[in-house]
Amino acid sequence: MKIGVLALQGDFALHGRALEGIGVPSVEVRMPGQLDEVAGLIMPGGESTTLLKLLDAWNFVPALEKFHAAGKPIFGTCAGLILLAREVERPAQFSLGLIDITAERNAYGRQKESFETEILADLGEGPRPIKAVLIRAPRIRRMGPGVTPLAEHRGETMMARQGSVLVASFHPELTDDPAVHRYFLEMVRSSSA
């Protein structure tokens, strides 16, 4: 079982390293056809506008919609969250609409306002603190009734799930805690069973 990491732009290499750290082979996905080779997909942080242009240039949108329709898990971090959201604000832009949330871009400030903190996450073993790195991070402004919050900080949801789609406004690949990648791995295992 392999997990793909969308490798068009952004911090995809660090997600590959995080997966390797928990003993999972990964594939850098650069072409839509490669989605057929993977059981789950991570859409990493980066610059959402640039990622949208590249997704369009390589005709990735239909392939991602087909991947999702097949029930294969997708995990979006930071810009990946923005691309997966149903609605995007500040400014509005196209998104895949695969999770019923409204995302606000750059909600925690610019690059210089980036920060690291502890957030409270419940990833199936009861609530516990995990490290979170936020870099020009989006904020989840609204969640639909089918969306489950999984992590929060100061009353705000930082990680959420709806069916086979998982999103985080932070960068779990920038910490040494494998909890979030392990949670996604379990989603992939369950969907493949």
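A salt bridge is counted here when a side-chain nitrogen of Lys or Arg sits within 4 Å of a carboxyl oxygen of Asp or Glu. The idea behind it is simple: side chains of opposite charge can pair when their charged atoms come close. In this predicted model, the structure holds 10 such bridges.

Take Glu87 and Arg142, whose side chains meet in a salt bridge with N and O 3.3 Å apart. Glu87 belongs to strand S5 (residues 85-89) and Arg142 to strand S9 (residues 139-143), so this pair ties together parts that are 55 residues apart in sequence. Glu87 has 40% relative accessibility and counts as partly exposed, and Arg142, at 30%, also counts as partly exposed. Both residues turn up again in a network of salt bridges that links Arg86, Glu87, Asp100 and Arg142.

Next comes the salt bridge of Arg128 with Asp177, where the closest N and O atoms are 3.2 Å apart. Arg128 sits in strand S8 (residues 127-134), while Asp177 sits in the loop between strand S12 (165-168) and helix H5 (179-192), so parts 49 residues apart in sequence get tied together. What about burial? Asp177 counts as buried because its relative accessibility is 18%, under the 20% cut-off. Arg128, at 34%, counts as partly exposed.

Glu156 and Arg139 make another salt bridge, with 2.8 Å between the closest N and O atoms. This pair, too, links distant parts of the chain, with Glu156 in strand S11 and Arg139 in strand S9, 17 residues apart. Glu156 is partly exposed at 25% relative accessibility, whereas Arg139 is buried, with a relative accessible area of 15%.

Strand S11 also has a partner strand. S10 (residues 148-153) and S11 (residues 156-162) run antiparallel and pair over five bridges. Along this pairing, Thr148 stands opposite Arg161 in S11. The hairpin of S10 and S11 has two residues between the strands, and Arg154 takes a positive phi there, near 55°.

Now for the nonpolar side of things. The largest nonpolar core has 34 residues, and the members touching the most others are Met43, Leu84 and Val167.

Which residues does Leu84 contact, leaving aside its neighbours within four places in sequence? Its contacts include Met43 and Val167, along with Ile74, Phe75 and Gly76. Leu96, Gly97, Leu98 and Ile99 are on the list of Leu84 contacts as well, as are Val165 and Leu166.

Phe75 has one more story to tell. A search of the whole structure finds one aromatic pair. The ring centres of Phe75 and Phe184 are 5.5 Å apart and the planes stand at 40°, so the pair is tilted.

Terms used:
Residues numbered from 1 in each chain as written. Predicted model: local features only at pLDDT ≥ 70, side-chain atom pairs only at ≥ 80, totals over all residues. Heavy atoms only, no water. Pairing = 2+ DSSP bridges. Helix = DSSP H or I, 4+ residues; strand = E, 2+ residues; numbered from the N terminus. Buried < 20%, exposed > 50% of the residue type's maximum accessible area, 1.4 Å probe, protein only. Core = buried A, V, L, I, M, F, W, Y, C linked by side-chain atoms within 4.5 Å. Contact = heavy atoms within 4.5 Å. Phe/Tyr/Trp six-rings, centres within 6.5 Å; stacked < 30°, edge-to-face > 60°.
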